Amino acid sequence: MLAPPLRLLRLLRLALAAFWSSYLAPTCLWLSALPRRPSSLAAPAKATPEDSTTTTPPPPPPLVPLSVNYHFTRQCNYQCGFCFHTAKTSFVLPLEEAQRGLRLLKEAGMEKINFSGGEPFLHERGNFVGKLVQFCKQELKLPSVSIVSNGSMIKERWFKHYGEYLDILAVSCDSFFEEVNVLIGRGQKGKNHIENLHKLKQWCQCYGVAFKINSVINRFNMEEDMNEQIRALNPVRWKVFQCLLIEGENSGEDALREAERFVISDEDFEQFLKRHQGLSCLVPESNQKMKDSYLILDEYMRFLNCVNGRKEPSRSILDVGVQDAIQFSGFDEKMFLKRGGKYVWSKVDMALEW
């Protein structure tokens with residue numbers, strides 16, 4: 001005979017109560033006493049001020065423009081086939097604006113300024129660059145002021161007016177055969193580049209300016225032996241560059257030069273250096289050392305970034321300041337130091353016989 005439904009329900013409730021009191025209740029009490037593990041899905045704890053100060057990395061130190069090359073003009077009276085700063089504009093800043101930018105650079109830590117082009121002595125027959133040189137030495141009191149020039153337009157009267165303010169004059173000369181200089185494009189009708197080089201050396205000696213020579217080693221001069229001529233001229237430094245391609249300047253569709261025919265291999269460059277290794281004034285710069293180790297300002301005072309093989313300008317330091325602009329310069333400070341970019345560059349510290 002089956003039990004009534006109410007009686008079965010009562011028996012089931014009694015059985016469940018017995019099971020709870022005997023097994024489930026003690027187990028729950030035991031589990032509640034265990035230490036809790038943090039859930040992986042729990043929201044992260046909010047950082048305290050102390051935490052944020054220990055985990056936030058410090059800002060990078062500001063870049064110091066120790067040595068700057070200011071190409072204030074792109075105009076030139078020569079037609080060097082490998083030129084990597086060509087006459088794409090005729091713009092030159094007003095003197096007061098250029099001086100304002102130079103003062104900003106000095107305040108940011110600049111110690112050396114080099115004026116280049118184009119040809120620096122072409123604008124206002126050298127008076128513009130002379131005034132900049134005087135301003136940098138007399139007003140800004142920079143340790144080193146230098147110029148790179150092809151030398152063709154420098155007159156002795158310039159040295160009489162501005163020579164005392166100039167530390168180093170670097171004159172470009174790629175060969176001691178006049179026909180090779182003409183072939184390269186470093187020449188002017190009626191003027192002998194090599195004779196002029198010797199005249200400039202004498203003026204530098206007379207007016208207390210350190211004399212330097214820059215040479216670009218290329219397909220047309222890589223076999224030349226220049227030992228005798230360099231010893232005779234005795235420059236404080238002989239900077240020897242490997243011919244470099246820069247897209248948009250001397251390579252590519254929008255370039256004003258086609259320098260591919262001048263390019264030499266690394267092995268050719270090393271052979272030239274080996275031939276002249278006995279000269280203590282030799283300062284070699286391969287493509288690798290040269291490309292990103294210079295701080296270059298263009299005619300608008302924009303830093304030029306060459307990391308990608310072409311010159312990509314920053315905004316002008318006159319508009320955004322030095323630190324904002326220099327972040328886009330692509331400057332490789334380690335390579336700058338490795339190539340000997342910091343040297344004795346003030347003439348008062350050079351042991352020279354004037």
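This is a predicted model: local features need pLDDT of at least 70, side-chain atom pairs count only at pLDDT 80 or more; totals for chains, interfaces and linings use all residues.
Residues are numbered from 1 along each chain as its sequence is written. Local features need pLDDT of at least 70 and side-chain atom pairs count only at pLDDT 80 or more, while totals for chains, interfaces and linings use all residues, and side-chain values use heavy atoms, with hydrogens and water left out.

I begin with the rings. Rings of Phe, Tyr and Trp (its six-membered ring) pair if their centres lie within 6.5 Å; planes under 30 degrees apart are stacked, those over 60 edge-to-face, and the rest tilted. The count is 15 aromatic pairs. Phe72 and Phe128 have ring centres 5.2 Å apart and planes at 45°, so this pair is tilted. Phe72 lies in the loop between strand E1 (67-71) and helix H3 (95-107), and Phe128 in helix H4 (residues 127-139), so the pair ties together parts 56 residues apart in sequence; helices (H or I, at least four residues) and strands (E, at least two) are DSSP runs, numbered from the N terminus. Both Phe72 and Phe128 are buried, that is, under 20% relative accessible area with a 1.4 Å probe, protein chains only.

I turn now to the cores. A nonpolar core is a set of buried Ala, Val, Leu, Ile, Met, Phe, Trp, Tyr and Cys residues joined through side-chain atoms within 4.5 Å. The largest has 72 residues, of which Tyr70, Leu102, Ile113, Phe115 and Trp238 touch the most other members. Helix H4 gives the most to this core, with six residues. Apart from it lies another core of 16 residues, including Tyr78 and Leu304.

Note on methods
Buried means under 20% relative accessible area, exposed over 50%, partly exposed in between (1.4 Å probe, protein chains only).
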